[in-house]
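Please look over the sequence and the structure first.

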Number of protein chains: 2
Amino acid sequence: MGKKKGNLVVGQSGGPTAVINNSLVGVIHEAFRYEEIGDIYGMLHGISGVLNEELIDLRRESPDTLETLRDTPASALGTVRYKVTDEDYERLLQVFQAYDVRYFFYIGGNDSMDTTHKIHTLPSQKGYELHAIGVPKTVDNDLAETDHCPGFGSAANFVAAAVRNTGFDTEAMGSSGPIKLTEIMGRNAGWLTAAAALAKDKPEDPPHLLYVPEHGISLEQFVDDVRQWYRRLGYCVVAVSEGLKNEKGEEFGIAAGGRVEVDAFGHVRKGGVIEFLSEVLKESLGVTIRSDKPGYLQRSFGELMSRVDREEAYMVGRAAVRAAMAGESDKKVTLVRLPGPEYEVQTGLAPLIKVANIERKLPSEFLNKRGNGVTDAFLEYARPLIGGPLIRYARLEKHPVPKRSIK
Amino acid sequence: MGKKKGNLVVGQSGGPTAVINNSLVGVIHEAFRYEEIGDIYGMLHGISGVLNEELIDLRRESPDTLETLRDTPASALGTVRYKVTDEDYERLLQVFQAYDVRYFFYIGGNDSMDTTHKIHTLPSQKGYELHAIGVPKTVDNDLAETDHCPGFGSAANFVAAAVRNTGFDTEAMGSSGPIKLTEIMGRNAGWLTAAAALAKDKPEDPPHLLYVPEHGISLEQFVDDVRQWYRRLGYCVVAVSEGLKNEKGEEFGIAAGGRVEVDAFGHVRKGGVIEFLSEVLKESLGVTIRSDKPGYLQRSFGELMSRVDREEAYMVGRAAVRAAMAGESDKKVTLVRLPGPEYEVQTGLAPLIKVANIERKLPSEFLNKRGNGVTDAFLEYARPLIGGPLIRYARLEKHPVPKRSIK
């Protein structure tokens, strides 16, 4: 199928990740290979960059900049959280026509896949040839029709390292601060919190407990779980999803009087769960409770970029351009894990309509029955994504010196 | 001076750091070299391990364990926050006599130096030969009589990386979340918050503002500072010390109704400053305020261990044993920076009485006049300690595409 010569525009949307620039560079590098592609435009701050005609010329970026961007976290084009309106789609088409844009690539999560689907629709109804392809990214790993999402592996690597580090710290503190709660990103999906389990070498290693939004938990069970580990080891490290709910499906933070904020897409922004649970534990156990809220470090920590994630994010960017040049549109690039003993993936395509606005939750076979830990199946799924084992740590063997019983 | 043959005991106290195990291994490795040293005991959980006769035999640890501990954060022996009483010192002497301990090494901060001084005092009054040497550690960098403290460089490296990463994230978010506050450790000293400035390559890079406990700040100035940067760049990243005070010297968190907790040494444990300042900014600027509280990750993040800090922590452990074997006691090992264009340090010794319970604050020449940033002198001081530059990141050059002004 002969392709229409025209210009390309690429944008980044939603929350940044550590590797999202790899997808951008993947699009650019692959675009360099096709004569049909004229200008390569970058939209500043996602779709609002098209609406406001804030476009940059990506062909003028130096090879060194592009190469270094592959190590640079966060969205180099700027990102946006903006819900495109019906009138906007009319205007988008006008802009595409004015700039002769024939290739549209949007690197983003669920909302961006919905936007990309709608961007495909109007031009095709009006007979304007436009190839719109979604490029997946999200640290939440909650996109449908893909084995996993670029962005998740690096965030998972950071979370596993963070929980292991704070776990060693908590173990060392002993009775001076024996309980540690770490709040992990994930409003509705527990993938990233589950990844904290990659910190464990042995069953008694931190994190001892983890709680995800998919499995509501009663305060009684929570306190009981922590108490058991604390009694057994003298300390306890817990990974708590920011979106954790109680057994009735209510947000802990909100139940505790936390305020509710709603973003442009109507998503509730969570908060306060760690503070609430710390209070409950302190009253129940009578010991010092400490906490970490690594917040945006989870999705931006370039130093802990997973090399697998880095490569896959680049790969999906390239695959998106190849798909468009093969005549595809209204599709999202996916990652397909190949069967076999060694971890291997290839890219695929899925219709955007099948993925837009669908949140893929952590399936029940990845969560233990009590809802406070993961299964081996999850560990097998997630371990390759963080790009190699965590660096090796040691504990002393602690051979006791016989007591001389000084009274 | 002929040394009495006897046993050695070493312990770790106070908050762990990423490199404190290097000091432990330094003590052990150096101790291996002396025939006068019999058993090498480790106290579990600091001085309480001596009081409770919970000692381990460090000669039985494998070389691989010791080598791997050099990469392992947090206190491998366990740590403690316990204020030793007068009766305890009597008992400590009894335990030392019963176990024939002649060499005592305590790796810790201000409180531990005070404890070490007192541990020296009673045996020397009673004619029991004991060599007690303090080995400095603290991420707060607030020990007197030393250029800097082992532990600080690695925490500074983490803080600089964290603020740079969250800064790139904030820049990318633009109007969807333009203000970021990151809470940095430091109850009374702003060294670690100041280290966030190492994230900057250019004056307009994050962090745009930083606030330390040494310089109280009015809410008016704070809001005004943030507003100026936000207007200029469209975003603003701020590093805030957990111990920040207002212009009257009051804690923001407490002023905002936060509860006050006091640890075993009577130190107030701070909290709530970020939440309070976020509220104030939100009301004043009317935009989304985001925050990170990396908490204990700052002092435990093994993956971002500074190689300079790692080596120096090992060095002070070895130097402590050498000092004791040279007949010293009641001293602390220090780091002395040598003059010259290349960064170079050697170890020294300072009397414990000169350093115990003295908090070294960030000197005024390291802070700018407005108290919201550091001077070049601070950057020159701190940069070598993080063990090399942060990995290179890039920004797009963003050559604008001429607007075609679609209406």
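The text below covers the relation between the chains, their interface, and the domains of chain A.

The model is predicted. Chain B is superposed on chain A by a rotation of 180° with 0.0 Å of shift along the axis, at an RMSD of 0.0 Å. That is the relation of a two-fold axis.

At the interface, 66 residues of chain B are in contact with 66 residues of chain A. On the chain B side, the elements that each supply two or more residues are the strands β3 (55-57) and β11 (289-292), together with the helices α3 (63-69), α4 (86-98), α6 (152-173) and α11 (297-300). The most comes from α6(B), which gives 9 residues to this side. The copies meet through the same surface, because 100% of the interface residues of chain B are also interface residues in chain A.

Chain A itself is split into two segments-based domains: domain 1 covers 6-150 + 303-355, and domain 2 covers 154-300 + 361-385. Their centres, taken over C-alpha atoms, are separated by 32 Å. Domain 1 of chain A puts 22 residues into the contact between them, and domain 2 of chain A puts in 18 residues.

The table gives the residue classes for two of these contact sides.

Technical notes:
Residues numbered from 1 in each chain as written. Chains lettered and ligands numbered in written order. Predicted model: local features only at pLDDT ≥ 70, side-chain atom pairs only at ≥ 80, totals over all residues. Least-squares fit on C-alpha atoms with pLDDT ≥ 70 in both. Contact = placed C-beta atoms within 7 Å. Helix = DSSP H or I, 4+ residues; strand = E, 2+ residues; numbered from the N terminus. Domains from an automatic or database assignment.
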